[in-house]
Amino acid sequence: MNEAIKVDGLKKCYGGHTVLKGLRFHVGKGEIFALLGVNGAGKTTALECIEGLRRYDGGSVAVQGRMGIQLQSATLPEHIRPMEAVRLFAKWNHAEIDHTMLAALGIDELGKKQYAQLSTGQKRRLHLALALISDPDIVFLDEPTAGLDVEGRVSLHDQIRRLKAQGKTIVLASHDMAEVEALCDRIAILNGGKIVFLGTVEELTAKVGSHYTIHIKTETGDACYESDDIAETMLTLLGDFKQKGIAVLDIKVDRGTLEQHFIDIARGNEA
Amino acid sequence: MSAFLYGVALQWKLDIRSRALLITCYVVPLLFFAVMGGIFTSINPQAKDTLIQSMTVMGVSMGALIGLPPTLSEIYGSDMKKVYRANGVPLYLGLVSVFLSAFIHLLLMSAIIYVIAPVAFDAALPVSLPAYFGSLALFTAVSLSIGCVLGLMVKRPAKLTMISQIIFLPSIMLSGIMFSADLLPRFLQVIGKLFPAAWGYDLMAKGGFSLGSLWPLAAILAVAVFLCGLMLHKLKSEA
């Protein structure tokens, strides 16, 4: 595979505490790759080591291409206006300002608002725009939708998909399995500084198995059934209701999102 | 170069938008000048001879020691520095642009005092304009360099305010701008000499570059620049 990033045996210690214990993975060009883990799993540290913002104590990191970085804890001077920040960063990167990208992110709409007056979503979009200023090949996004409302998340997800369509490689850190499920080609789940799962969302699903919860509403009341074989259970249940002459009003099937599987793996209590 | 100049110009605009810096660089020093200028010259007519210098030393000290450090602390005490690094902006830009911007603001404030004092209080103009503004520029640079050390060194705002005041108040009280330093006990005179305000005032009041006042300022500047470089290097390697 054409690799954009290769991480081999990455180690990082703070004092006597080892937070990254030999991470090993690669990210293909044009891929959306996620580092997942609960808070404190080492996602941000790993990302910052790859970005070159943090020194590491062992292993190697190879990055092929120009990087654009959106930090989790990003902040700017409170009186700066969005376009002033864009111009400043563009000048330091010797980059032309891409007004199409700014329009897509809604930066030009922010006008003369100062940084401190922007909402969380607007700040996120601005930091994403700053990360994209130099037209990077690889975009790093650390918890990109943290603190955003539903509309903001959907909008940012669209932006991320657009970046992928442009052929950019995207690496994101998240603790939101639903977000990762919706966006990513491959994921690595971190627990205690180690990768405990590396693969696609489908592979994760296959690894943890499929468990379903069936909610059925009938004229006599509601009922809930657990099943590992959805087809068989549904056929049996519907056959029973029909035989007893009970009208079925509604059926809802929960596959069980990957969220619980992720939590189990990330916390080291894989079923 | 264009990026650097844009950074400095932008910082200058941000400083104008920031009420805190506007207050410490213009409002308080000029109000102090308006009130104390009248009082000083009424009580002691001889104060007119050094009114411009004393009011300027007070204003520059306030802007440099109280106004500048919080701006630097905002940049280097937060993750803003990481945003700069992540996006290709060099770490020193914040320090240099804040320094240059404050330098311009303080020179403007000093120029206002220079123009108004003779009209409002019949204050005497310095003998040599180039020597005066040369001395002022050096004193301003030295004071700002101390402000830079404070802004880089102290991360917590409350602690920063306290330390700034601990340096600012003796600078003003012991430098000789409020009353002659000769009236102070010997040990307070010695303490006063530790601060650039005493040497800056001396240099500007004498109206020429006297080596006796020049070298202490140069020494303080050199130490402050060294410390700033050291702290920037530390910040860079903190990762």
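Modeller: Gladly; let me start with domains, whose bounds come from an automatic or database domain assignment. For chain A that assignment gives domain 1 (29-56 + 65-206) and domain 2 (211-254). Their centres, taken over C-alpha atoms, are 43 Å apart. This is a predicted model, where local features need pLDDT of at least 70, side-chain atom pairs count only at pLDDT 80 or more, and totals for chains, interfaces and linings use all residues. Residues are numbered from 1 along each chain as its sequence is written, while chains are lettered from A and ligands numbered from 1 in the order in which they are written.

Colleague: Where in chain A is confidence lowest, and where highest?

Modeller: On pLDDT, the predictor's confidence in each residue from 0 to 100, helix 9 (residues 258-266) of chain A is lowest with a mean of 65, and strand 4 (residues 58-63) of chain A is highest at 93. Chain A has a mean of 85, with 92% of its residues at 70 or more. Chain B averages 88, and 98% of its residues score at least 70. The model's ipTM is 0.80 and its pTM 0.79.

Colleague: What makes the size of chain B agree with a compact globule?

Modeller: The radius of gyration is taken over C-alpha atoms, and the globule rule is 2.2 Å times the number of residues to the power 0.38. For 239 residues a compact globule would have a value near 18 Å, and chain B has 18 Å, so the two agree.

Colleague: How many helices and strands does chain B have?

Modeller: Helices (H or I, at least four residues) and strands (E, at least two) are DSSP runs, numbered from the N terminus. By that count chain B has 10 helices and 0 strands.

Colleague: Why is the crossing of helix 3 and helix 9 of chain B called right-handed?

Modeller: A crossing is left-handed if the near helix is turned anticlockwise from the far one by less than a right angle, and right-handed if clockwise. The crossing of helix 3 and helix 9 of chain B is right-handed. Axes are lines fitted to C-alpha atoms, for helices over the stretch in contact, with angles from 0 to 180 degrees between N-to-C directions. Here the axes come within 10 Å and cross at roughly 145 degrees.

Colleague: How many residues of chains A and B are in contact?

Modeller: Contact requires C-beta atoms, placed from the backbone, within 7 Å; 22 residues of chain A and 20 of chain B qualify.

Conventions
Two residues are in contact if their C-beta atoms, placed from the backbone, lie within 7 Å.
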